[in-house]
Amino acid sequence: MTSHELERVIAYHRITKHAPGRYARSLGYMDWDTQPDPFRRFDGAPRVELPLRADALRTKYAELYEPGAVAPHPLGIDGVATFFELALGLTAWKGYGESRWSLRADPSSGNLHPTEAYAVLPSIAGVLDAGVFHYLSHDHCLEQRARVAPDRAREFAELLPSGGFLVAVSSIHWRESWKYGERAFRYCQHDAGHVLATLRYAAAALGWSARIVDGVGDDFVARVAGTQRKEYLKVDALDREHADYLVCVAPRDAVGAAERVRERASELAALLDSADWTGVPNELSGDHYEWDVIEGVADAAREPAGATAPEPPEADAPRLLAALPDQHVSASAIIRGRRSAVAMDGKTSISAEAFYGILDRLLPRANTAPLDALSWKPRVHLAFFVHRVVGVPSGLYLFERNASVHDTLRAQLGDGPLWTKPPGCPEHLRLHCVTERDLRGLAASISCQQEIAGNGAFSLGMLAEYRASLEAGPHWYCRLFWEAGVIGQVLYLEAEAHGLRGTGIGCYFDDLMHRTLGLEDDALQSLYHFTLGGPVDDERLVTLPPYAHLAERAAR
Ligand SMILES: Cc1cc2nc3c(=O)[nH]c(=O)nc-3n(C[C@H](O)[C@H](O)[C@H](O)COP(=O)(O)O)c2cc1C
């Protein structure tokens, strides 16, 4: 890593800021002729059809957050199938007139879905041979990319987490840049963060644990996923994938398992290099428009192998008992029922108890989904615009997700603000009121004039410890967005569990947000916004089941 790479990342962030009347560069319209295919497929790769089993899962939503509440499911085909259905599967088709588009368990900016996932699995008797598999959500199947020779399958299994497997995640930046231009790299990272959380939630629903594998570096992730192999030369460079991270899925202790994977990473890579690889990736667009800064920042923010291990989270905070309207609601129903609100009603409020319960879910705790998928101490904090929380005055609030950011925030905001704890706020939640006033208009203005940010019960900006993180290595740029994406996913599911809806907001005016808070330098930067409230549905849309096109398989 050189200071040149750090400068490139910082420059990328600066030039992709939106400001009133000056948006980050993009085509400014959607070129339907070059619209990328939202599904990657591998021609010629053998397929393993997966059963649809998520409906039958008995795990309750509340149990996702209770370590040990769900007995680990065996690592068989049903477990793997349920895992992918919950993490990345289709959840519905939407229709308007002749148009149809699918929704998935993971949200995505513009519903463009840049994220791809590859499972590294041991052999499952009678079902699949050990190797690397691409998950194709459209057909709920695994496409076998690499097959490990049967006489090496045992050696291979020993390099994987015991009783578990690995998932390598990558992004196709072009899918997002097609619509969003230069800001798209940010959105790809948000989406990768959401996916990290959906993988962790899916693992929790099956009684498993999951965690990012530190220190292996992007080249290793690409080698495992096969995304730098020569067969990719057959498609345009922009249709290729950029490695993001590797996740270790293990029956219980993913922390120890991830560490063991890291220690033997070179053996695993060598064994996979010698495996039998099949399949050619599909072309996603007939033509492309290249945004140089995206490839530039992707290169500068690459994670090298052996990066210093991050500082782990502090000791667990006490846990609040969640005040859910239905304590018995199923995890699968919440996970697959998650949707983004397209509009908020401007009326619905939530109780202070529910609000504090949601905040509590955003604190990391050992063995608790999904935040334990991240190996580092929280670096992203929340600035809330509270609009309608009963018993909590409307205004601007700061929620510190670690205690050590307090001095930075106080120094940045100065002594003018109130800095008081709101009524009834549990001691362990570091929530401070900065200003009491009606911020509905301002919240919408900051979110590129999107009314949803003012019409929810609250909206928020995610303040990352930006400068200090980047100084630890430019790859932290991506990690901060991943953390923001994980937070976003918690908020989406919590909204659903409270009978409400959330929406991730990638379009916001960066420096207007910073000025509103009084932030003067780049010690902190707002990397993602979110709103949560009572949704207004678009009655013109029809909703269809996710896998009607696989009806035959479901009936088996
Ligand atoms: C990173 C990110 C940014 C988003 N930004 C916006 C936004 O600025 N405005 C908006 O209305 N929706 C936004 N969304 C919501 C997406 O449009 C939504 O996830 C997508 O259409 C898929 O729908 P679903 O979430 O219901 O599956 C965003 C979602 C993500 C993940």
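Author: Two residues are in contact here if their C-beta atoms, placed from the backbone, lie within 7 Å. The model is predicted: local features need pLDDT of at least 70 and side-chain atom pairs count only at pLDDT 80 or more, while totals for chains, interfaces and linings use all residues. Residues are numbered from 1 along each chain as its sequence is written.

Reader: How many residues of domain 1 are in contact with domain 2?

Author: The domain assignment, automatic or from a database, gives domain 1 (36-55 + 70-91 + 100-300) and domain 2 (331-533). Their C-alpha centres lie 29 Å apart. Domain 2 contributes 29 residues to the contact, and the number from domain 1 is 29.

Reader: Which element gives the most to the side of domain 1 that touches domain 2?

Author: By class, this side of domain 1 has 15 nonpolar, eight polar and six charged residues (nonpolar: Ala, Val, Leu, Ile, Met, Phe, Trp, Tyr, Cys and Pro; charged: Asp, Glu, Lys and Arg; polar: the others, Gly among them). Strand E9 (209-212) and H5 each supply at least two residues; helices (H or I, at least four residues) and strands (E, at least two) are DSSP runs, numbered from the N terminus. The most, 15 residues, comes from H5.

Reader: Which residues come nearest to the ligand?

Author: There are 19 residues around the ligand, counted when the C-beta atom, placed from the backbone, lies within 6 Å of it. Strand E19 (501-505) and H5 each supply at least two of the shell. Those that come nearest are Pro107, His190, Ser340, Gly504 and Gly506.

Reader: At what angle do the axes of H4 and H5 cross?

Author: Axes are lines fitted to C-alpha atoms, for helices over the stretch in contact, and angles run from 0 to 180 degrees between N-to-C directions. The contact is made by His173, Glu176, Ser177 and Tyr180 of H4 and Ala184, Phe185, Tyr187 and Cys188 of H5. The axes of helix H4 (residues 173-180) and H5 come within 8 Å, crossing at roughly 130°.

Reader: Which residues of H8 does H6 meet?

Author: Helix H6 (residues 218-225) and helix H8 (residues 265-273) have axes that come within 9 Å and cross at roughly 35°. From H6, the residues are Phe220, Arg223 and Val224. In H8 they meet Ala265, Ala269 and Leu272.
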